[in-house]
Amino acid sequence: MKLVFLQAFFMKRYIKIEIEILTEQETEILVALLSEIKFYAFEEGNNLLNAYIHEEDFDENLMMMALPENRFFKKYVIDEENWNHQWEETITPVIINDFVALRPSFAAPNRKVKYDIVITPKMSFGTGHHATTRLMIELMEKIDFYQKSVIDFGTGTGVLSILAEKCGAAKITAIDVDEWSIMNATENILANNCKNISLKLQENLTAIEPADILLANINLNVLTEHAESIMLSVRRGGFFLASGFLLNDEAEIVRVFTDNDFVVFDRLGLNGWLAILFKRNKV
């Protein structure tokens with residue numbers, strides 16, 4: 001009964017923008033630009049990019065500035081229930097090496113990977129289909145999470161927090177600014193029988209206890225804006241794993257975080273996107 005009430009209370013409508021695209025590179029650039037103005041779910045196919053945003057966050061003037069000049073697009077308004085139904089119809093399992101399988105609840109478990117994770121395909125970002133989620137997961141495999149504390153900054157579906165717990169993390173604090181993401185992450189945490197994840201609805205790292213590992217799959221602007229607080233939230237000798245930015249942004253992101261007491265430990269790129277694993281200096 002309580003869950004039904006919350007869903008009704010937070011019922012939202014979404015804007016879907018259907019954009020004609022020409023190249024894969026153009027798609028990656030558009031996704032990056034639109035992500036910076038609160039679009040946070042994307043579908044690609046048939047020379048189209050579908051971008052989704054909460055109706056109350058939509059600013060057509062900002063969107064027009066992000067689009068190439070004279071680019072044709074269509075705008076749709078979608079109720080939350082209809083959006084989730086459309087989203088579910090398009091979601092398929094994602095397999096990342098032999099490390100992780102991400103699947104909707106209606107797909108069969110994958111017994112061939114180390115960690116089989118159920119992700120309910122709702123509006124929150126992080127089903128594994130986007131390159132940045134895949135990059136984060138691939139680099140997470142290189143981190144020792146056993147008995148470590150973790151902050152997941154911009155948790156979305158909660159997928160990275162769930163994987164951190166399955167990898168042995170003792171305490172995970174998952175943060176997001178969006179109510180729907182917190183609700184969706186709650187569902188996914190329960191579906192995966194996780195016990196060590198605490199969810200917080202907030203937009204920054206204020207009053208969050210420093211951790212051994214900080215995960216942030218957000219975007220360039222948010223990462224650079226919060227660089228100092230990210231540094232203060234990672235214990236000395238700890239790791240900071242970040243994605244949500246393009247390969248072209250590498251010099252800037254490295255400069256900002258090396259200026260904030262980090263060194264580059266590893267990096268991985270895919271389809272024009274980049275993830276970097278930083279380590280904070282011990283002294």
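1. Ile172 stands opposite Ile197 in β10. The strands here are β9 (residues 171-176) and β10, which run parallel and are joined by 5 bridges. From β9 the chain passes through helix α7 (residues 179-191) to β10, and this β-α-β crossover is right-handed; that is, with the strands pointing away from the viewer, the path from the first strand over the helix to the second runs clockwise. Another bridge partner in β10 is Ser198, which belongs with Thr173. Two strands are said to pair if DSSP finds at least two bridges between them, and helices (H or I, at least four residues) and strands (E, at least two) are DSSP runs numbered from the N terminus.

2. A word on where this comes from: the model is predicted, local features need pLDDT of at least 70, side-chain atom pairs count only at pLDDT 80 or more, and totals for chains, interfaces and linings use all residues. Residues are numbered from 1 along each chain as its sequence is written, and side-chain values use heavy atoms, with hydrogens and water left out.

3. Where do β9 and β10 sit in their sheet? They belong to an open sheet of 7 strands with mixed pairing, in the order β10-β9-β8-β11-β12-β14-β13. Its edge strands are β10 and β13 (262-270), each pairing on one side only. From one strand to the next the twist averages 15 degrees; axes are lines fitted to C-alpha atoms, for helices over the stretch in contact, and angles run from 0 to 180 degrees between N-to-C directions.

4. Strand β6 (residues 100-103) pairs with β7 in the parallel sense over 4 bridges, and Arg103 stands opposite Val118 in β7.

5. How many of the residues of α5 are buried? The count is 8 of 10, so this helix is mostly covered; buried means under 20% relative accessible area, exposed over 50%, and partly exposed in between (1.4 Å probe, protein chains only). Among the buried residues are Ala131, Leu135, Ile137 and Met140.

6. The largest nonpolar core has 56 residues, and Leu34, Phe39, Met63, Phe145, Leu163 and Leu215 touch the most other members. Such a core is a set of buried Ala, Val, Leu, Ile, Met, Phe, Trp, Tyr and Cys residues joined through side-chain atoms within 4.5 Å. Helix α5 gives the most to this core, with 6 residues. Domain 1 (13-85) and domain 2 (127-280) both contribute residues, so the core lies between them; these bounds come from an automatic or database domain assignment. A second, separate core of 24 residues includes Ile208, Ala216, Leu220 and Phe262.

7. Which residues does Met63 touch? Not counting residues up to four places away in sequence, they are Ile17, Leu34, Ile37, Phe39, Phe58 and Phe73.

8. Ile19, in strand β1 (residues 13-20), counts as buried at 0% relative accessibility. Its C-alpha atom is separated by 5.1 Å from that of Leu49, 30 residues apart along the chain. Beyond residues up to four places away in sequence, the contacts of Ile19 include Leu30, Leu34, Leu67 and Phe72.

9. Met231 is in helix α9 (residues 227-233) and counts as buried at 13% relative accessibility. The C-alpha atoms of Met231 and Asn260 are separated by 6.2 Å, although these residues are 29 residues apart along the chain. Leaving out residues up to four places away in sequence, Met231 touches Asn260, Asp261, Phe262 and Arg280.

10. Finally, two loop residues deserve a look. Asn97, in the loop between β5 and β6, has a positive phi of about 55 degrees although it is not a glycine. At 48% relative accessibility, Asn97 counts as partly exposed. Ala207, in the loop between β10 (197-201) and β11 (211-217), is not a glycine either and has a positive phi of about 65 degrees. Is Ala207 buried or exposed? With a relative accessible area of 81%, Ala207 is exposed.

Key. Contact means heavy atoms within 4.5 Å.
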